[in-house]
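This short report is for a reader who is new to protein models. Please look over the sequence and the structure before reading on.

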Amino acid sequence: MLDEKTMVSDALAGVNGELVRYGEMISQTENKELKQCLKQIRNQCEMSQEQLYQVAREKSYYVPAAKATQQEINHVKSVLAGLSMK
């Protein structure tokens, strides 16, 4: 029998996967009406993802990574700036 934590985690992983697929479909379609429809569905999916995320946070099922230090942020910026110059 699945416990609540497992169900929330599975649902969150599923929604995250759906968001990736909607992004791929949106970028690949040329039909403006279909693109708009997919964007609306993706937006609804994002709202569901946010609700699941909040439940997971409230129940301590999900603990986000520690915030990056300014030094770490600066390092990533310098690496990305170096890549864009190549």
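The model is predicted, so local features need pLDDT of at least 70 and side-chain atom pairs count only at pLDDT 80 or more, while totals for chains, interfaces and linings use all residues. Residues are numbered from 1 along each chain as its sequence is written, and side-chain values use heavy atoms, leaving out hydrogens and water.

The pLDDT is the predictor's confidence in each residue, from 0 to 100. For the protein chain the average is 92, and 98% of the residues score at least 70. Helices are DSSP runs of H or I with at least four residues, numbered from the N terminus. Two elements mark the ends of the range of mean pLDDT:

| Element | Residues | Mean pLDDT |
|---|---|---|
| H2, highest | 32–58 | 96 |
| H3, lowest | 70–84 | 90 |

The axes of H1 (residues 4–28) and H2 come within 9 Å and cross at roughly 155°; axes are lines fitted to C-alpha atoms over the stretch in contact, with angles from 0 to 180 degrees between N-to-C directions. H1 is therefore roughly antiparallel to H2, a term for angles over 145 degrees. Contact means heavy atoms within 4.5 Å. Residues of H1 including Val8, Leu12 and Tyr22 meet residues of H2, among them Leu38, Cys45 and Tyr53.

Cys37 is partly exposed at 36% relative accessible area, whereas Cys45 is buried at 8%; buried means under 20%, exposed over 50% and partly exposed in between (1.4 Å probe, protein chains only).

Technical notes
Angles under 35 degrees count as roughly parallel, over 145 as roughly antiparallel, 65 to 115 as roughly perpendicular and the rest as oblique.
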